[in-house]
Number of protein chains: 2
Amino acid sequence: MRRFATIKDIASALNISVSTVSRALRDTYDVNASTRQAVLQKATELNYRPNFNAIGLVHNRTHNLGILLPEITNYYFSTLFTGIQDVAYKAGFNLTLFVTGNDAEREVDIVRNLSLSGLDGLLVSVSSQADSDQHFQEVIDNGVPVVFFDRVSENIHTSKVMQDDYNGAFEATVHLIKNGYRKIAHIAGPEGLTFTQARLNGYLDALRKHKLPVEPSWIVHSGFTQQHGEQDLEQLWVCGERPDAIFAVNDRKAIGAILALKRKNIRIGKDVGVIGFTNDPVSAIVSPALSTIAEPAFEIGKRSCELLLKHIQKKRFEPEQVTLPGKLIVRESSQRL
Amino acid sequence: MRRFATIKDIASALNISVSTVSRALRDTYDVNASTRQAVLQKATELNYRPNFNAIGLVHNRTHNLGILLPEITNYYFSTLFTGIQDVAYKAGFNLTLFVTGNDAEREVDIVRNLSLSGLDGLLVSVSSQADSDQHFQEVIDNGVPVVFFDRVSENIHTSKVMQDDYNGAFEATVHLIKNGYRKIAHIAGPEGLTFTQARLNGYLDALRKHKLPVEPSWIVHSGFTQQHGEQDLEQLWVCGERPDAIFAVNDRKAIGAILALKRKNIRIGKDVGVIGFTNDPVSAIVSPALSTIAEPAFEIGKRSCELLLKHIQKKRFEPEQVTLPGKLIVRESSQRL
DNA sequence: TAAATCACCGAGAACGTTACCGAAAAAACA
DNA sequence: TGTTTTTTCGGTAACGTTCTCGGTGATTTA
């Protein structure tokens, strides 16, 4: 059985009490400089590492944050994580990452079996809102601070940080309109999600404001992958009148659409305009390059973590809601040229 | 101060001892069915959650695995993580993720300050081998199982799992040769890394086997990003004779090279062949599509975690080394047509 | 010189859980 | 009926750490 050097080992080696060692190691009050020096030296000599379980036990603090993500294999979530870790690391917090794979059941399972005592707080982007948010409410009721980001949960009262989905979608759609497209379709996300709804609304309002027709068959919902984008486009192409532009809920779906269009020998931009959402690096690589709304993923991660840390430090902290603006990036796919 | 219901709360509510509650909760020996039922009911009623700190303290087991990664914002590492989590989740282990950002200093800092007592094992892909591996040796000396993957550390005796870098590189180079390219350059990774060396050797041996010249100025080392790929290509293009094909150490650099070549109006495939390594999804999206060696990222993650779990379970477990084969994926960028 | 202050240290309880051992009650055996 | 076994439970130490409290000497103050 492995066993680390403990505070007791140091104490007995130096013939002093554990209390003194404890104080010396933490450099607090009431300890002579020379004894402190001796303790420190002995500690490195024995390769002492503090036992976080023990510390967590007495303080009811673990310096561990949980992160719940639908997926990690994409640009948005992975840079978001990097943002989170950026502030967590500086504050001395570790991150335990849970990936649900967009599986709502798994999400519930994970949250229900969470070792709440092992976590000082929870950062979450929900997998799906289809069913209830009960499992999150339970966590909050247990006194564990929760911050939602990106895919937030409507009916739960806590801090949330997200990009401005509505205005981003509005701007993207207006951009297409200004570039002469009139029959604009929307390749959307799963229906249950709030941000799917927000982007849909931005799209709709932009059409209405410019007195363009809203054609229900030009709005198709499905998942977030490139394959979903391809399928959505096929569906758009079989039934009724075809659109002359596509606003996709994210870049991956937009690229799926571009690929499908290219297979049909339809010229992107000239025949059909395409715009995405996210500014995934791949949008600059695909040909023609994809116009998009850049999301501040890293910043969202940072802000979420900062907010969570605040929640943890203050006992009573009023939930905040922050919305970060996106930015229109014009490339080739949305221009007739 | 937040406080969860404990085993004591259940005990006093039921007027029984904590030992009995403990046994009932864990469904072990020596507990009557009816009292067990009562305990279970009370537990859900009080929303009891076990305190992992306490359990970790007595068992010296946390069911926490540490993962040390150079970065997470790319396809390879993020799917690798998914593979790890796939087996960890089933085995009831949580994952604490540390991302170094390819910063060797930060790696040392993280490892040195690791709460070893909070981790049952460590999965690592090193950030750089430039300096020493001493910090990892310390961890192992403390009795914490470590498994290396992808970017392994040579001088440390422990389990390692990686793809077959040498043969992959060999195969990629031979593929270019067979397609008629003769002046093949290599855009390599940072020099310190073992797998950089392995891929370089595969490349060199393929050249030698086919009696092609090895031109030192056609081998350029740098980092792993797309930008590095672009820079490397520029460097290749300024000095002396220009190559007619490029084998890149990974897809991102290959794509950088492709982009730079396109800016020069050089036709990919026809004028200059390009092949990468990884099979990042973007390699199918870029135009022309990038030939590459597919790496079994997910599988590597799974195998690493399985191996680590074995190490943790058995007290004495002989280090294993597993090498997974890659697979040549032929697309457009490596064909003259 | 007596009293008050100060610097430093130790004892012991506490955090939530498990493990070991012993005890009481119930059941089985003789 | 007495004895042994089985079933079920409780007491207690232990895990590594922090924290509160009190207690030495030594030093300063009056």
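**Close-up views of a predicted two-chain model**

Figure 1. The model shown here and in the following views is a predicted one. A:F4 belongs to the segment that precedes α1 (7–14) of chain A. With residues up to four places away in sequence left out, A:F4 touches A:D9 of its own chain, together with B:L116, B:S117, B:N142 and B:V144 of chain B. A:R49 is 45 residues from A:F4 in sequence, and the C-alpha atoms of the two are 7.3 Å apart in space.

Figure 2. B:L114 is found in the loop between α6 (104–112) and β3 (121–124) of chain B. Its relative accessibility is 5%, and B:L114 therefore counts as buried, the cut-off being under 20%. Neighbours within four places in sequence aside, B:L114 is in contact with A:R49 of chain A and with B:F98, B:L119 and B:L122 of chain B. B:G66 is 48 residues from B:L114 in sequence, with a C-alpha to C-alpha separation of 9.2 Å.

**Figure 3. Nonpolar cores and the contacts of B:L97.** The largest nonpolar core holds 56 residues, and A:F81, A:L97, B:F81 and B:L97 are the ones that touch the most other members. B:L97 touches A:F81, A:Q85, A:L95 and A:L97 of chain A, and B:I67, B:L69, B:I72 and B:F81 of chain B, when residues up to four places away in sequence are not counted. Another core, of 48 residues, lies apart from the largest one; among its members are A:L233, A:V282, B:A248 and B:I285. In soluble globular proteins, nonpolar side chains tend to be buried together.

**Figure 4. Crossing of α8(B) and α9(B).** Helix α8 (residues 165–178) and helix α9 (residues 194–209), both of chain B, have axes that come within 7 Å and cross at roughly 40°. Because of this angle, α8(B) is oblique to α9(B). The crossing in which α8(B) passes α9(B) is right-handed. On the side of α8(B), the contact is made by B:D165, B:Y166, B:A169, B:F170, B:T173, B:V174 and B:I177. On the side of α9(B), the contributors are B:F195, B:A198, B:R199, B:N201, B:G202, B:Y203, B:D205, B:A206, B:L207 and B:K209. Divided by class, the contact of α8(B) with α9(B) has 10 nonpolar, 3 polar and 4 charged residues.

**Figure 5. Crossing of α5(B) and α13(B).** In chain B, the axes of helix α5 (residues 75–90) and helix α13 (residues 297–313) cross at roughly 40° and come within 7 Å. That angle makes α5(B) oblique to α13(B). The handedness of the α5(B) and α13(B) crossing is right-handed. From α5(B), the residues that meet α13(B) are B:Y76, B:T79, B:L80, B:T82, B:G83, B:I84, B:D86, B:V87 and B:A88. Their counterparts in α13(B) are B:A297, B:F298, B:I300, B:G301, B:K302, B:C305, B:E306 and B:L309. The contact of α5(B) with α13(B) comprises 10 nonpolar, 4 polar and 3 charged residues.

**Figure 6. B:P296 in the loop between β10 and α13 of chain B**. B:P296 touches B:Q163, B:L324 and B:P325, with residues up to four places away in sequence not counted. B:H175 is 121 residues from B:P296 in sequence and 20 Å from it in space, C-alpha to C-alpha.

**Figure 7. Backbone geometry at selected residues.** Most residues other than glycine have a negative phi, and most peptide bonds are trans. The peptide bond from A:S287 to A:P288 is cis, with omega near -5°. A:P288 is located in the loop between α12 (282–285) and β10 (292–294) of chain A. In chain B, the bond from B:S287 to B:P288 is cis, with omega near 0°. B:P288 is placed in the loop between α12 (282–285) and β10 (292–294) of chain B.

A:N60, a residue other than glycine, has a positive phi, near 60°. The loop between α4 (52–59) and β1 (64–69) of chain A contains A:N60, and the relative accessible area of A:N60 is 22%, so A:N60 is partly exposed. B:D150 is not a glycine, yet its phi is positive at about 60°. B:D150 occupies the loop between β4 (146–149) and β5 (159–163) of chain B, and at 4% relative accessibility B:D150 counts as buried.

Notes. Residues numbered from 1 in each chain as written. Chains lettered and ligands numbered in written order. Predicted model: local features only at pLDDT ≥ 70, side-chain atom pairs only at ≥ 80, totals over all residues. Heavy atoms only, no water. Core = buried A, V, L, I, M, F, W, Y, C linked by side-chain atoms within 4.5 Å. Buried < 20%, exposed > 50% of the residue type's maximum accessible area, 1.4 Å probe, protein only. Contact = heavy atoms within 4.5 Å. Axes fitted to C-alpha atoms, helices over the stretch in contact; angles between N-to-C directions. Helix = DSSP H or I, 4+ residues; strand = E, 2+ residues; numbered from the N terminus. Parallel < 35°, antiparallel > 145°, perpendicular 65-115°, else oblique. Left-handed = near helix turned anticlockwise from the far one by under 90°. Nonpolar A, V, L, I, M, F, W, Y, C, P; charged D, E, K, R; others polar.
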